[in-house]
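I opened my notebook to look through one protein model. I went step by step and wrote down what I looked up.

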Amino acid sequence: RDLAEPLNADSSEQAVEMEDDQSLEAQALLVTREIASVKRALARIEDGEYGVCVRCGGDINPARLDARPEAALCIGCASVES
């Protein structure tokens, strides 16, 4: 809703509002990516492939899954990707 509001007539307020809009857009993108990641994890659960690295096929450490339940890569493959 905030992104749809017209900008303030005051130019200094416009700058602040535009910065806020950029922040909101970035947050929306992060949330969208997180939702997609969780949906993929749920699909892996349904397919019986949860906890298996999608790259190398090895097991994902349970401690990693505790920290990031949506993790699709083992720590080794995730480290290479970074």
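My entries follow, from the overall layout down to single residues.

**Overall layout.** I noted at the start that this is a predicted model. I counted elements next. The protein has 3 helices and 0 strands. Read from the N terminus, the order is α-α-α. I also checked burial. Of the 82 residues, 18% count as buried.

**A surface patch.** I looked for nonpolar side chains on the surface. Val38, Leu42, Ile45 and Tyr50 form a nonpolar patch there. Together these residues have about 330 Å² of accessible area. I then picked out valine 38. This residue lies in helix 1, which covers residues 11-46. Is valine 38 exposed or only partly exposed? I read its relative accessibility as 36%. Exposed needs over 50% and buried needs under 20%. Valine 38 therefore counts as partly exposed, because 36% falls in between.

**The salt bridge.** How many salt bridges does the count come to? I found 1 salt bridge. The side chains of glutamate 70 and arginine 68 meet in it, at 2.9 Å from N to O. I compared the two partners. Glutamate 70 has a relative accessible area of 11%, so it is buried. Arginine 68 has a relative accessible area of 40%, so it is partly exposed.

**The largest pocket.** I looked up the volume next. The largest pocket has a volume of about 270 Å³. There are 15 residues lining this pocket, and the closest to its centre are Ser37, Arg68, Ala71, Ala72 and Leu73. I saw a name from the previous entry again: Arg68 is a salt-bridge partner and is also among these residues closest to the centre. Which helix gives the most to the lining? Helix 1 does, with 5 residues. Helix 1 and helix 3 (75-81) each supply at least two residues of the lining. I sorted the lining by class as well. The lining has 5 nonpolar, 2 polar and 8 charged residues.

**A loop residue.** Where does aspartate 59 sit? I placed aspartate 59 in the loop between helix 1 and helix 2 (62-67). Last, I looked up a distance. Aspartate 59 and isoleucine 75 are 16 residues apart in sequence. In space, the two are 9.8 Å apart, C-alpha to C-alpha.

How values were computed:
Residues numbered from 1 in each chain as written. Predicted model: local features only at pLDDT ≥ 70, side-chain atom pairs only at ≥ 80, totals over all residues. Heavy atoms only, no water. Patch = residues over 30% accessible without salt bridge, like charges linked within 9 Å, V, L, I, M, F, W, Y side chains within 5 Å. Areas by Shrake-Rupley, 256 points an atom, 1.4 Å probe, with all protein chains shown as cover. Salt bridge = Lys/Arg side-chain N within 4 Å of Asp/Glu carboxyl O. Helix = DSSP H or I, 4+ residues; strand = E, 2+ residues; numbered from the N terminus. Buried < 20%, exposed > 50% of the residue type's maximum accessible area, 1.4 Å probe, protein only. 1 Å grid on protein atoms, 1.4 Å probe; cavity = no way out; pocket = protein on both sides within 12 Å on 5 of 7 lines; lining within 4 Å. Points joined across faces, edges and corners; volume = space filled by probe spheres on them. Nonpolar A, V, L, I, M, F, W, Y, C, P; charged D, E, K, R; others polar.
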